[in-house]
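Please open the model in a viewer and keep the selection panel at hand. The stops below are arranged as a tour.

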Amino acid sequence: MDTKSLLKKVRKIEIKTRRLSDHVFGGEYHSTFKGRGMTFSEVRAYQFGDDVRSIDWNVTARYNEPFVKVFEEERELTMMLLVDISESTAFGTRETFKKDIITEMAATLAFSATKNNDKIGLMLFSDQIELYIPPKKGRMHVLRIIRELIEFKPSNKTTNLSKAFKYLIDMMKKKAIVFVLSDFLTDDYEHTLKILGQKHDVTGIRIYDEREEELPNLGMVQMKDAESGKAMWVNTSSKSTRKGYTKYYRDRVDYFQRAFKLSGSGFLSTRVDQNYVIKLLGYFKSR
């Protein structure tokens, strides 16, 4: 993509997603995540009605009278966008690919955070960490994130969610709001997700295409795995083959929902032809 086309596409996404974040998501984002980070402010003398759990026992012992710790809401939060750029996200059977919706949703979330004066960081991953952009503030920073989402070409095609989670666990010491955008067509990430969920406020967003849900009856068809590159002939007329594929797909979806639920994290799914605005709003309001 040449520079002119790239800038035009970035501008188009900015106009659409910034409008959503300004008029639709801004307030919902703030009300959903405000108060998630609390910082120590001061100690003061205990007053009737104070929570005894906030008593500072060291200061109390020193002055021989009870003192409590006072905390205040952090005015500045940090959002991390973990975005799957493996080959399977380039799939789409309509006009829109999964990666296009992922880009739009990531941009909408980023502008919502910017409106709240929060920092935004980005991690692009396949089966390795392809790109890490540390959290910063501002419109120009968000535009850089959008450019990378549009233009970045991964060196690897497969997916390793566990490796991405482990990298963020090691990298981010301060609590962050983490959105993971992927098709989640993999498993074996439940353990690291649980650790990530203990440190951060995590939400998994699964983006999928309706044609992935079941195998159509088209006779003998040559199919190619987008991530492994392996091609094979498949008899889609076989009921057992179609049933086996549906089970495989449903197992991945069930694993996604179970893993996020057990880790205490939030999750939602949206199909590429559905209105992700409604899905995000519903999720924010339900929290």
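Which residues in H6 meet which residues in H7? Select Glu 190, Leu 193 and Lys 194 on the H6 side, and Tyr 255, Arg 258, Ala 259, Phe 260 and Leu 262 on the H7 side: these are the residues that meet. By class, this contact comprises five nonpolar and three charged residues, with no polar ones. To see the geometry, display helix H6 as residues 190-199 and helix H7 as residues 239-262; their axes come within 8 Å and cross at roughly 35°. The crossing is right-handed.

**The whole chain**

Before going further, colour the chain by confidence, since this is a predicted model. The average pLDDT of the protein chain is 86, and 89% of the residues score at least 70. Among the elements, helix H1 (residues 3-33) has the lowest mean pLDDT, 68, while strand E7 (residues 201-208) has the highest, 97. Where pLDDT is low, the predicted coordinates should not be read in detail.

In a cartoon view, the protein chain shows eight helices and 10 strands. It has 287 residues, of which 46% count as buried. Of the contacts with a separation of 6 or more, 74% are between residues 24 or more positions apart.

**Leu 196**

Return to helix H6 and select Leu 196, which lies in it. Is this residue buried or exposed? Leu 196 is buried, because its relative accessible area is 0%, under the 20% cut-off. Beyond its neighbours within four places in sequence, show Phe 165, Leu 168, Ile 169 and Val 202, with which Leu 196 is in contact.

**The six-stranded sheet**

Now select the strands E5, E4, E3, E6, E7 and E10, which form an open sheet in the order E5-E4-E3-E6-E7-E10 with mixed pairing. Strand E5 (129-136) and strand E10 (266-271) are the edge strands, each pairing on one side only. From one strand to the next, the twist averages 15°.

Within this sheet, zoom in on E3 and strand E6 (residues 177-182), which pair in the parallel sense over five bridges. Val 83 has Leu 181 in E6 as its bridge partner.

Then bring in helix H4 (residues 139-151), which lies across E3, strand E4 (119-125) and E5. H4 runs at about 15° to E4.

From strand E3 (78-84), follow the chain towards helix H3 (98-115) and stop at Ser 88, in the loop between them. Although it is a loop residue, Ser 88 counts as buried because its relative accessibility is 9%, below the 20% cut-off. Which residues does Ser 88 touch, not counting those up to four places away in sequence? Select Lys 98, Asp 183, Ala 226 and Glu 227 to display them.

**The E8-E9 hairpin**

For the last stop, select strand E8 (residues 220-224) and strand E9 (residues 231-235), which pair in the antiparallel sense over five bridges. Met 220 stands opposite Asn 235 in E9. The two strands, E8 and E9, form a hairpin with six residues between them. In the turn, pick out Gly 229, whose phi is positive, at about 80°.

How values were computed
Residues are numbered from 1 along each chain as its sequence is written. This is a predicted model: local features need pLDDT of at least 70, side-chain atom pairs count only at pLDDT 80 or more; totals for chains, interfaces and linings use all residues. Side-chain values use heavy atoms; hydrogens and water are left out. Axes are lines fitted to C-alpha atoms, for helices over the stretch in contact, and angles run from 0 to 180 degrees between N-to-C directions. Helices (H or I, at least four residues) and strands (E, at least two) are DSSP runs, numbered from the N terminus. A crossing is left-handed if the near helix is turned anticlockwise from the far one by less than a right angle, and right-handed if clockwise. Contact means heavy atoms within 4.5 Å. Ala, Val, Leu, Ile, Met, Phe, Trp, Tyr, Cys and Pro count as nonpolar, Asp, Glu, Lys and Arg as charged, and the others, Gly among them, as polar. Two strands pair if DSSP finds at least two bridges between them. pLDDT is the predictor's confidence in each residue, from 0 to 100. Buried means under 20% relative accessible area, exposed over 50%, partly exposed in between (1.4 Å probe, protein chains only).
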